[in-house]
Amino acid sequence: MSCSLRPVGRAQRGPLERLTAATGLFRPDEVAIAVELLDEALAGDDDYRFLGAYAGDELVAYACWGPTPGTTGTFDLYWIVVDPARQGRGVGTQLLRAVEATLTTDDGRLIVVETSSRAEYAPTRAFYERRGYVQAARLPGYYAPGDDLVIYLKDLTHGVLAGATA
Ligand SMILES: CC(C)(COP(=O)(O)OP(=O)(O)OC[C@H]1O[C@@H](n2cnc3c(N)ncnc32)[C@H](O)[C@@H]1OP(=O)(O)O)[C@@H](O)C(=O)NCCC(=O)NCCS
């Protein structure tokens, strides 16, 4: 399924909240953070950038990313969420590729993704791993006892810039 990719506007605030909650993966306070980041982006904060995937006028997925403070060319992918009814049909891949293409033109070098070691996130981890993201670190018990932080990296330059000296 191919969606059209467009910015996420104020009208999508409610749909974004609903679709984030509908995944069943995120606590209410985490869902609230996604909405807060959208509000910041709509207020002009360039640290948070959003791209939506639409089926007609309906927001069915989104990604949120931004430059990692204190780095050169490193970006965090904060959120990527696909409506549960439409998962597994290529929408997440389409969005991820579009974000990567944007970062490549923004002199992006590294993408960092943080996720959880919990079993519910196994499909999410597989999604990143199959798309070239490498597990770079794991912080045991970071989120909660038995719930580790797993950090993935993707080198957008294929190592060309990563090893270069300024
Ligand atoms: C992870 C996620 C963004 C992937 O998007 P998607 O549109 O379902 O993925 P695609 O159809 O492009 O790709 C399918 C791949 O993702 C994996 N996958 C992850 N979650 C899946 C799901 N619920 N259903 C089907 N496949 C899923 C599959 O292993 C599949 O891998 P393969 O193609 O390498 O065999 C999406 O499933 C999602 O929103 N999950 C819940 C929220 C989440 O975990 N977000 C990331 C942390 S912020």
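**Close-up views of a predicted model**

View 1. The model shown here is predicted. In total, 19 residues surround the ligand. The closest are Gln 87, Gly 88, Gly 92, Thr 93 and Pro 123. Three elements each supply at least two residues of this shell: β4 (74-82), α3 (91-105) and α4 (122-130). What classes of residue make up the shell? Nine are nonpolar, eight are polar and two are charged.

**View 2. Seven strands form an open sheet.** Follow the strands across the sheet in the order β1-β2-β3-β4-β5-β7-β6. Their pairing is mixed. Which strands stand at the edges? They are β1 (4-6) and β6 (134-144). Each edge strand has a single partner, so one side of each is left without a neighbour in the sheet. From one strand to the next, the twist averages 25 degrees.

**View 3. Two helices pack on the sheet.** Helix α1 covers residues 13-22 and touches β3 (58-67) and β4. The direction of α1 makes about 90 degrees with that of β3. Helix α2 covers residues 28-42. Which strands does α2 touch? The answer is β2, β3 and β4. The direction of α2 makes about 110 degrees with that of β2.

**View 4. Strand β1 pairs with β2 in the antiparallel sense.** Strand β2 spans residues 49-55. How many bridges join this pair? There are three. Ser 4 stands opposite Tyr 54 in β2. Leu 5 stands opposite Ala 53, also in β2.

**View 5. Strands β2 and β3 form a hairpin.** The two strands run antiparallel, and seven bridges join them. Phe 50 stands opposite Cys 64 in β3. Between the strands of the hairpin lie two residues. Which residue of the hairpin takes a positive phi? Gly 56 does, with a value near 65 degrees.

How values were computed:
Residues are numbered from 1 along each chain as its sequence is written. This is a predicted model: local features need pLDDT of at least 70, side-chain atom pairs count only at pLDDT 80 or more; totals for chains, interfaces and linings use all residues. A residue is near a molecule or strand if its C-beta atom, placed from the backbone, lies within 6 Å of it. Helices (H or I, at least four residues) and strands (E, at least two) are DSSP runs, numbered from the N terminus. Ala, Val, Leu, Ile, Met, Phe, Trp, Tyr, Cys and Pro count as nonpolar, Asp, Glu, Lys and Arg as charged, and the others, Gly among them, as polar. Two strands pair if DSSP finds at least two bridges between them. Axes are lines fitted to C-alpha atoms, for helices over the stretch in contact, and angles run from 0 to 180 degrees between N-to-C directions. Two residues are in contact if their C-beta atoms, placed from the backbone, lie within 7 Å.
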